[in-house]
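Work through the exercises below with the sequence and the model side by side. Try each task before reading its solution.

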Amino acid sequence: MASCWWRWRRGCSWRPAARSPGPGSHGRAGLSGLRAAAAAARAQMSYFNLVKRLTSAFPNMYSISRFHHVTPAVCCCSKTRSGEEYTDPFNLGWRDLKGLYEDIRKELFISTTELKEMCEYYFDGKGKAFRPIIVVLMARACNIHHNNSRNVQASQRAIALIAEMIHTASLVHDDVIDDASSRRGKHTVNKIWGEKKAVLAGDLILSAASIALARIGNTTVVSILTQVIEDLVRGEFLQLGSKENENERFAHYLEKTFKKTASLIANSCKAVSVLGCPDPAVHEIAYQYGKNVGLAFQLIDDVLDFTSCSDRMGKPTSADLKLGLATGPVLFACQQSDGVQQTTYLAQRYCREAVREISKLRPSPERDALIQLSEIVLTRDK
Ligand code: GRG
């Protein structure tokens, strides 16, 4: 059963401040109010200019309109839009995911005891299963949009398993690269079995995912999901490098963020839409939703690396800084003091875009759950 891993972060320090007073209100606030308003305006202007400069280096993927965001409140709506009774996204998604980890373990058909133990180590139900949940909700939302079908096809459910397997294989490899000692509140595979065996376990999980993907027998879906594997490797490679130039540094960070995290979510969403509906416009909606939620998810992950503690996250925090990685909070903080807040604004901006995209589908409880999920991405604390 999926655990309720998110908690609402009301009143948390990194949350955007309350809306500043409107025009005319500075009379009562006096000189300090005027100074504050001027400082806020300067900060907004410098943020705007920063984003403008940064995104000019990466114009196609990250246009200025995507970034210019000064709305000082969490943006996504939480009320249901389909008119049907609201259901928790994780409960709704989990209906199609019963036996998820047992089924993954069946895919990892391994006779060698040690290798089996290593490969199954993370499929213990302790992860958030965020990716499988999005995938099955997207599958249902697309099926309902297409022909009002209420079922998830076996091939679509298989994509949820495959997404979790690719994700887990990348975590195993990532922990070797970062020399990480804990994940999900327990020791990493590399710390228990050593780096060499950990790399091989990651390879084996990835190969089992590839076999499951081939079994679906749809070449379009195979090429969509193999793109993810290329992106993961390229994203990790980008993380090993850095840029001297400030503009390039932010574009580099966003490209890495897309490839390391958003590509898997975007392409898994697209894959289930292809399996459920022939309309390319729907495939694009699914992809755009996954891409924007994925970018927001990673930006918040980078914020949590600064603001959360190891006990809560189940893995070391401040890890990016210790590894010398400049993520959103640091890149923004190079320009002004509130790097964490500006990164959160950017994540909100992506979530707004995700909601705008998914709202193009016919109303359904699953579509509403995907809208709700984008809010959970912003408010999660682990
Ligand atoms: C292609 C197998 C393979 C690997 C090659 C190492 C590598 C390239 C890629 C690493 C990509 C990576 C680890 C990205 C991190 C993404 C991320 C935000 C992980 C955390 O996800 P959560 O919070 O984790 O959903 P849980 O533990 O809940 O599953």
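The model is predicted: local features need pLDDT of at least 70, side-chain atom pairs count only at pLDDT 80 or more, and totals for chains, interfaces and linings use all residues. Residues are numbered from 1 along each chain as its sequence is written, and side-chain values use heavy atoms, with hydrogens and water left out.

**Exercise 1.** Find which residues are closest to the ligand, and describe the shell around the ligand by residue class.

Solution. 
- Step 1. Look at the ligand's oxygen atoms. An oxygen atom of the ligand is 2.5 Å from a side-chain N or O atom of K128. For R184 the corresponding distance is 2.6 Å, and for H167 it is 2.8 Å.
- Step 2. Consider the cover. The ligand taken alone exposes 750 Å², and the protein buries 93% of that (Shrake-Rupley method, 1.4 Å probe).
- Step 3. Assign the shell to helices (DSSP runs of H or I, at least four residues, numbered from the N terminus). Two or more residues each come from α7 (154-178), α10 (219-240), α11 (246-276) and α12 (280-307). The largest share, 7 residues, belongs to α7.
- Step 4. Sort the shell by class: 8 residues are nonpolar, 5 polar and 7 charged. Here Asp, Glu, Lys and Arg count as charged; Ala, Val, Leu, Ile, Met, Phe, Trp, Tyr, Cys and Pro as nonpolar; and the others, Gly among them, as polar.

**Exercise 2.** State how many residues the largest nonpolar core has.

Solution. 
- Step 1. Join buried Ala, Val, Leu, Ile, Met, Phe, Trp, Tyr and Cys residues through side-chain atoms within 4.5 Å. Buried means under 20% relative accessible area (1.4 Å probe, protein chains only).
- Step 2. The largest core has 94 residues, and those with the most contacts inside it include L108, F130 and L370. Helix α11 gives the most to this core, with 13 residues.

**Exercise 3.** Decide whether L137 is buried or exposed, and list its contacts.

Solution. 
- Step 1. L137 lies in helix α6 (residues 130-147).
- Step 2. L137 has a relative accessible area of 1%, so it is buried.
- Step 3. Leaving aside neighbours within four places in sequence, L137 is in contact (heavy atoms within 4.5 Å) with P89, L92, G93, E366, A369, L370 and L373.
- Step 4. L137 and L370 are 233 residues apart along the chain, yet their C-alpha atoms are separated by 6.8 Å.

Terms used. Near = heavy atom within 4 Å. Polar contact = N/O pair within 3.5 Å; in protein donor to acceptor, adjacent residues only side chain to side chain. Buried < 20%, exposed > 50% of the residue type's maximum accessible area, 1.4 Å probe, protein only.
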